[in-house]
Amino acid sequence: MPHDQEVPVSNITAAPDDRPPVVFLAGGGSGGHIFPNIAIANRLAELGLTIEPFFMVSQRPLDARILKQANQDFAPLPVKPFSSNPLKMFSFYSAYRQSVY
């Protein structure tokens, strides 16, 4: 299915061992990225989907505080904002490698 098309809710199925599917939600560094992801997880639950939301966020204390209050599982990642400044590119690349390897 092309990425620009909505996936019907009925196409979301459980893992083979009957555990609910894990839905990864990424964003962090400000509540402006985390609160919409919490709303998405809540809306999927309201639609009757049994999912296991998992949040991937920055290491900023605000991210952990928001998600702990919302009783959500999360992993803080060593992320850095992308910069076109050549002096800051190494910091971004280093954080990226730590996040994915």
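Predicted model: local features only at pLDDT ≥ 70, side-chain atom pairs only at ≥ 80, totals over all residues.
# Core, helix faces and an aromatic pair

A70 has a relative accessibility of 28%, so A70 counts as partly exposed. Buried means under 20% relative accessible area, exposed means over 50%, and partly exposed lies in between (1.4 Å probe, protein chains only). A70 sits in the loop between helix 2 and strand 3 (73–76).

Residues are numbered from 1 along each chain as its sequence is written, and side-chain values use heavy atoms, with hydrogens and water left out.

## Overall layout

The chain has 3 helices and 3 strands. Helices (H or I, at least four residues) and strands (E, at least two) are DSSP runs, numbered from the N terminus. From the N terminus on, the order is β-α-β-α-β-α. Of the 101 residues, 23% are buried. The accessible surface of the chain is about 7500 Å², and carbon and sulfur atoms hold 57% of that area. Accessible areas come from the Shrake-Rupley method with a 1.4 Å probe; for residues, only the protein chains shown count as cover. Contact means heavy atoms within 4.5 Å. Among contacts with a separation of 6 or more, 41% join residues 24 or more positions apart.

## The core

Which residues form the largest nonpolar core? There are 8: L25, I34, I38, A41, F55, V57, I66 and L67. Such a core is a set of buried Ala, Val, Leu, Ile, Met, Phe, Trp, Tyr and Cys residues joined through side-chain atoms within 4.5 Å. Helix 1, strand 2 (52–57) and helix 2 each supply at least two residues of this core. Helix 1 gives the largest share, 3 residues. Beyond its neighbours within four places in sequence, L25 contacts N37, I40, A41, P53, F54, F55 and M56.

N37 belongs to helix 1 (residues 31–46). A polar atom of the N37 side chain lies 3.1 Å from the backbone oxygen of A26. Residues up to four places away in sequence aside, N37 touches L25, A26, G27 and F55.

Helix 2 (residues 61–69) buries D63, I66 and L67. Seen down the helix 2 axis, these buried residues fall within an arc of 90 degrees, so they line one face of the helix. The arc is taken from the directions from the helix axis to the C-beta atoms. The face turned away from the buried side carries the exposed residues P61, K68 and Q69. N71 follows helix 2, and its phi is positive, near 55 degrees.

## The aromatic pair

How many aromatic pairs are there? The count is 1. Rings of Phe, Tyr and Trp (its six-membered ring) pair if their centres lie within 6.5 Å; planes under 30 degrees apart are stacked, over 60 edge-to-face, and the rest tilted. F24 and F54 pair edge-to-face, 6.0 Å centre to centre, with 75 degrees between the planes. The pair links distant parts of the chain: F24 is in strand 1 (residues 22–26) and F54 in strand 2, 30 residues apart.

Accessibility of some residues discussed above:

| Residue | Relative accessible area | Class |
|---|---|---|
| N37 | 11% | buried |
| F54 | 25% | partly exposed |
| F24 | 54% | exposed |

Methods
Polar contact = N/O pair within 3.5 Å; in protein donor to acceptor, adjacent residues only side chain to side chain.
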